[in-house]
Amino acid sequence: KGEIVFRDVHFAYDPARPILKGISFTVPAGKTVAVVGPSGAGKSTISRLLYRFYDVQQGVISVDGQDLRQVTQASLRAAIGMVPQDTVLFNDTIAYNIRYGRPDASDTEVETAADIAQVGRAIRDLPQGFNTLVGERGLKLSGGEKQRVAIARTVLKAPPILILDEATSALDTTTEQEIQTALDLVSKNRTTLVIAHRLSTVINADQIIVLRAGEIAERGTHAELLAQN
Ligand code: ADP
Ligand code: ADP
């Protein structure tokens, strides 16, 4: 479930300046496709369109064969998990932050032991470093810890579709590797769109799309792209 198709997608924030100039690609259900390219190429715009922050101006985006314009933003958000570059947390418990975004999470709900246990189960299978977070409170987390919270949130939400938008770009090399290991686990068997600026961080993607100035310049596996260059 969760096949994503972009067909001849055009988009501009300002009509005088096209950002995406006819993009076509498919993320088969359960597979991972990475979009790489220089800053300003339009990579994040692709993830914003998939999340329906904006609608396409020409072309079609569909999920499981359904035109995104016929899908409500609420049901889209329930179906998509997002790990951004900088996760913004609430000044509340980590358990609250992890549960946030679930349809059954309410703003006023008091944290119960059961809630915390639920979060604990969600992160039990993730690499070390997750379990110590659950009981903590507050915003003074490092970048890597914030990304752990975002990943745990995704595990709990269990969406069919995952967007990883530069999820490790702000991290130091050691932390990046830890977080990457967790992301590989979470994206397994999920339809995943990865946005990255370096080819070396998306070696395991089923397909890599190189975006330059709003157009697909190349596509293939990591090995295929290396052989071409
Ligand atoms: P390429 O050699 O770059 O893979 P093809 O000649 O196979 O391109 O593709 C023909 C057309 O189909 C192009 O317009 C291309 O954008 C589109 N296309 C190629 N692969 C996909 C895909 N996985 N999903 C959607 N459209 C695709
Ligand atoms: P990338 O993720 O590849 O760095 P983006 O998709 O974020 O690129 O941005 C592509 C282009 O669109 C950039 O030139 C950027 O300045 C412009 N852009 C992004 N967001 C907006 C916006 N909300 N309004 C106007 N222009 C924008």
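Which polar backbone atom is 3.0 Å from an oxygen atom of ligand 2? In this predicted model, the atom belongs to Gly-42. A further backbone contact comes from Ser-44, where an N or O atom lies 2.8 Å from an oxygen atom of the ligand. Arg-17 contributes through its side chain, with an N or O atom 2.6 Å from an oxygen atom of ligand 2. Taken alone, ligand 2 exposes 570 Å², and the protein buries 65% of that area.

These residues belong to a wider setting around the ligand. In total, 13 residues surround ligand 2. Arg-17 and Ser-44 are among the closest, together with Gly-40, Lys-43 and Thr-45. Sorted by class, the shell has five nonpolar residues, five polar residues and three charged residues.

With a threshold of 30 Å³ or more, the count is one cavity. The largest cavity holds about 50 Å³ of space. Its lining is made up of Leu-49, Arg-52, Tyr-54, Asp-55, Val-56, Ile-61, Asp-67, Leu-68 and Arg-69. Five of the lining residues are nonpolar and four are charged, while no polar residues take part.

Key. Residues are numbered from 1 along each chain as its sequence is written. Chains are lettered from A and ligands numbered from 1 in the order in which they are written. This is a predicted model: local features need pLDDT of at least 70, side-chain atom pairs count only at pLDDT 80 or more; totals for chains, interfaces and linings use all residues. Side-chain values use heavy atoms; hydrogens and water are left out. A residue is near a molecule or strand if one of its heavy atoms lies within 4 Å of it. A polar contact is a pair of N or O atoms within 3.5 Å; within protein, one must be able to donate a hydrogen and the other to accept it, and residues adjacent in sequence count only if both atoms are side-chain atoms. Accessible areas come from the Shrake-Rupley method with a 1.4 Å probe; for residues, only the protein chains shown count as cover. Ala, Val, Leu, Ile, Met, Phe, Trp, Tyr, Cys and Pro count as nonpolar, Asp, Glu, Lys and Arg as charged, and the others, Gly among them, as polar. On a 1 Å grid over the protein atoms alone, a cavity is a set of points where a 1.4 Å probe fits but cannot get out, and a pocket is an open set with protein on both sides within 12 Å along at least five of seven lines; lining residues have an atom within 4 Å of a point. Grid points are joined across faces, edges and corners, and a volume is the space filled by probe spheres set on the points.
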